[in-house]
Amino acid sequence: MASSCASESTSQFPRWNYKVFLSFRGEDTRRTFTGHLFKGLENSGIFTFQDDKRLEHGASISDELLKAIEQSQVALVVFSKNYATSRWCLDELVKIMECKDQCGQTVIPVFYGVDPSHVRKQRESFAEAFDRHETSYKDDDEGMEKLQRWRNALTAAANLKGYDVRDGIEAENIQQIVDQISKLCNSATLSSLSDVVGIDTHLEKLKSLLKVGINDVRIILGIWGMGGLGKTTIARAIFDTLSHQFEAACFLADIKENEKLHSLQNTLLSELLRKKDDYVNNKLDGKHMIPDKLCSKKVLIVLDDIDHKDHLDYLAGDIGWFGNGSRIVVTTRDKHLIGKDDAIYEVSALPDHESIQLFYQHAFKREVPDECFKELSLKVVNYAKGLPLALKVWGSLLHNLRLTEWKSAIEHMKSNSNSGIVDKLKISYDGLEPKQQEMFLDIACFLRGKYKDYAMQILESCHSGVEYGLRVLIDKSLVFFSEKCQIQMHDLIQEMGKYIVNLQKNPGERSRLWLVKDFKEVINNNTGTMAMEAIFLPYFNSGILRFSKKAMKNMKRLRILNIERSLTYDGSIEYLPNNLRWFVLYGHPCESLPSTFEPKMLVHLELWGSSLHYLWMETKHLPSLRRIDLSSSRSLMRTPDFTGMPNLEYLNMLYCSNLEEVHHSLRCCNKLIRLNLNYCKSLKRFPCVNVESLEYLSLEYCSRLEKFPEIHGRMKPEIQIHMKHSGIRELPSSITQYQTHITKLDLSGMEKLVALPSSICRLKSLVSLSVSGCVKLESLPEEIGDLENLEELDASCTLISRPPSSIVRLSKLKIFDFGSSKDRVLFEFPPVAEGFRSLETLSLRNCNLIDGGLPEEIASLSSLKKLYLSGNNFEHLPRGIAQLGALRILDLRNCKRLTQLPEFTGMPNLEYLDLEGCSYLEEVHHSLGCCKKLIRLNLSFCSRLIRFPCVNVESLKYLNVGECSRLGKFPEIHGRLKPEIQIHMKRSGIRELPSSISRYQTHITELDLRSMDNLLDLPSRSVG
């Protein structure tokens, strides 16, 4: 396995996504040692990757885990008795040791309940595990090689210095490990900062201003200076240096690029509370929630690049929002944004010796320059005037150039420079090839901040060699990709690009327009020219949009027209340039595109929410077209003829609610990858589709489409087909013929589906099958038991009354749902015997079950946790229910004939019991008092209930005996009431509240005593 190390990042100092990666055998230690260790690391602010949904089976570990290992600074390997039985764990260990050797990752072994020598030499349980591995690989040379890699990794890991935690107190052992990792990560951070020029001086001054070490103060510090001076680098350095000293820390980068303040507030809360969530929906709520949640926490917050008063007001409006010892650091170009009482650190230009050092780093990397370059270097440093950005850009520009090229470049600097930095930075632009210059200007003017995939689509629609061109731009320090994979550049670099375009004072003579006011001036004055190459307006929200035919006709070289979120148009669009490669226009106002529009080089066509009835009448030859998006074009009635689109890859017709037909020529599109026809509710005819390249086909909610399209070509194994809530009557055989690998099949809501083919039982990999809401479906295939990996079966709201007998062979089935929204014909539950051993959830709501409808041997369902039986007609439950020891939820709502409940002593884990509307029930069994884990108990509308002896309230949060008009006595309370308990008794027959209510009444949050006609007295103390 090849490694891609986080430490090989091109950033100024190495960045890891995680501090620690935890490798462990889930079944051995997840709920014990490893769980406690993870909590200890988390509480110390050490960002740790733990696979919370770890499923240790399958041929190999996931790409997500491999990436997490590569991006972790430290790997903690917890060796336990059964560690070597897991091939997953062993593969993980091999990858970890590989990253140790190639990426400098630190590996710390922890020996939990095993002797280190047993791991090192593969003895005892490790020997037994390898014996089994050798047996399974005995005739497999490749497998035996893997076996040796496992042994080598175990030996190498066990030879490392680590922790033997067989003896001693677990909490103390965990604290030692956490302390070591905390020190290690901190020292690694400080080490990584050593190459950042001048950082020590900055850190020393910042620590003084922040009064590090004094905990009884709260401080806001503003780092202020012009763009390009390295404010973000300095802020990141102080954050990495100090963050471990705080309970929680958050670095909010590029704040001015984020338009939604409440989104930033959610990020801040998620980071500081260590729980990702959407806490607020607007900035005002966030302004109240931040101090409410964080007023007692000692936090470190960095707000990077603020440019508006609201940024500070709504993210850290007052230092009193946070706990004692908190520190807030902001970076900004605007000094007035920093409060008059806050500390200010002004970042100045680098002194000469640091400027030379920084320039050398980029111009010569780690080499020592020859004497002949040193004098020239001094000239460059002098022109840069200590600006780090300019030093890095020019250093990268001159790297690996010959002496004569250096002299030429420096002369160019002198002859073209002025007092503005933008002019100096333009030298890097001038050194690019013409194609690279065009790409750079596209990025600077309208692609900065866009995600890589999206930006690449636009660039590749217009330029060739985009990957290489981007690499050149990155090497020249003109652009970079952020951690979120957004294309980025420094503010001054962007300003330089826009400056180049704006050298033409008349907007109509510029090559690119990105401001609405400039576009309106060109259109209104008909000043468009041949120079115009791109119009990119992501947010057109200033009045009426008008297209001038004369202005547009003059823009014959226009390759990008991208106008989003426009609301109102003035007139029609009579002309579009045929040179267009990328065409995005929201709300296109016309019934069709202009007949003269022949865009043979068009790659991307996106007309979301248009008024189109059709694109065009005749067949168009569009050999370059790859993507068509006409989603939400609710007037569209038919698709175009696809014959002239041999390279079409993506077709999106989502919410085209009047679309009646997909043209049969779609079978010619053998490169089609994704086709979305969701919510095309009028679609009747979809004759055929080519699936040679297809990876995604969705026909969801196509309610009038009764026949699946004819398949042309051979299906790819990984294809996804979605049909739920469609009108399709019969499943195509191609699904079972080519999709034997699929794990999920959702046919829910297909109201015209009358039968499932028996061939569906060949889908051996199927894990989830849903036919919920298939209201005409009367049976399942007899061979359903052949689906050996099936875990979820949802046949709710169907006509199925008798599942096939083979269904009990589904040994992995966890969820079994045959419930209905209304009474169905009498349901026959199959004899469980030895089957359903993995079943965790069983739903038989409204299945017209009567006495005997549930088998007595239901007690054999030892894994059952949730049982939903509401709306049935039995009077008694089988005695076996009382033995369901794993049961947590028992739902018997509206079982109106139920007269007797089982004993509860065999249900120690019961948490939810719902008996609402059991109007014939007279007594709750006294054994309910044994259920200490009971959280919610609902007895409302049990109108004949007379006896309810006792209830255990140790865990209870909700109790409802409302409308129990014959219940005269409140149950005896076992245990202590929880503070948040809610008790509802309205219209019950209870005559007297128990003394326990009086004793614990200050804890109760809600007590409903309305219309209790028999109540004689209230407790002596009022309820709090």
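In this predicted model, Glu-598 and Lys-620 form a salt bridge, with 3.0 Å between the closest N and O atoms. Glu-598 sits in the loop between strand E18 (582-585) and strand E19 (604-606), while Lys-620 belongs to the loop between E19 and strand E20 (627-629), so the contact ties together parts that are 22 residues apart in sequence. The two partners can also be described by their accessibility: Glu-598 is partly exposed, at 30% relative accessibility, whereas Lys-620 is buried, at 2%.

A second pair takes us to another region of the chain. Arg-512 and Asp-442 meet through their side chains in a salt bridge of 2.8 Å, N to O. This pair links distant parts of the chain, with Arg-512 in strand E13 (residues 512-513) and Asp-442 in helix H19 (residues 434-447), 70 residues apart. Arg-512 counts as buried because its relative accessibility is 1%, under the 20% cut-off, and Asp-442 is likewise buried at 1%.

The side chains of Lys-374 and Glu-371 meet at 3.2 Å, N to O. Both residues belong to helix H15 (residues 371-384), and because they are three residues apart there, about one helical turn separates them. Here Lys-374 is partly exposed, with 29% relative accessibility, and Glu-371 is exposed, with 59%. In total, the structure holds 35 salt bridges, the pairs described here among them.

Notes
Residues are numbered from 1 along each chain as its sequence is written. This is a predicted model: local features need pLDDT of at least 70, side-chain atom pairs count only at pLDDT 80 or more; totals for chains, interfaces and linings use all residues. Side-chain values use heavy atoms; hydrogens and water are left out. A salt bridge is a side-chain nitrogen of Lys or Arg within 4 Å of a carboxyl oxygen of Asp or Glu. Helices (H or I, at least four residues) and strands (E, at least two) are DSSP runs, numbered from the N terminus. Buried means under 20% relative accessible area, exposed over 50%, partly exposed in between (1.4 Å probe, protein chains only).
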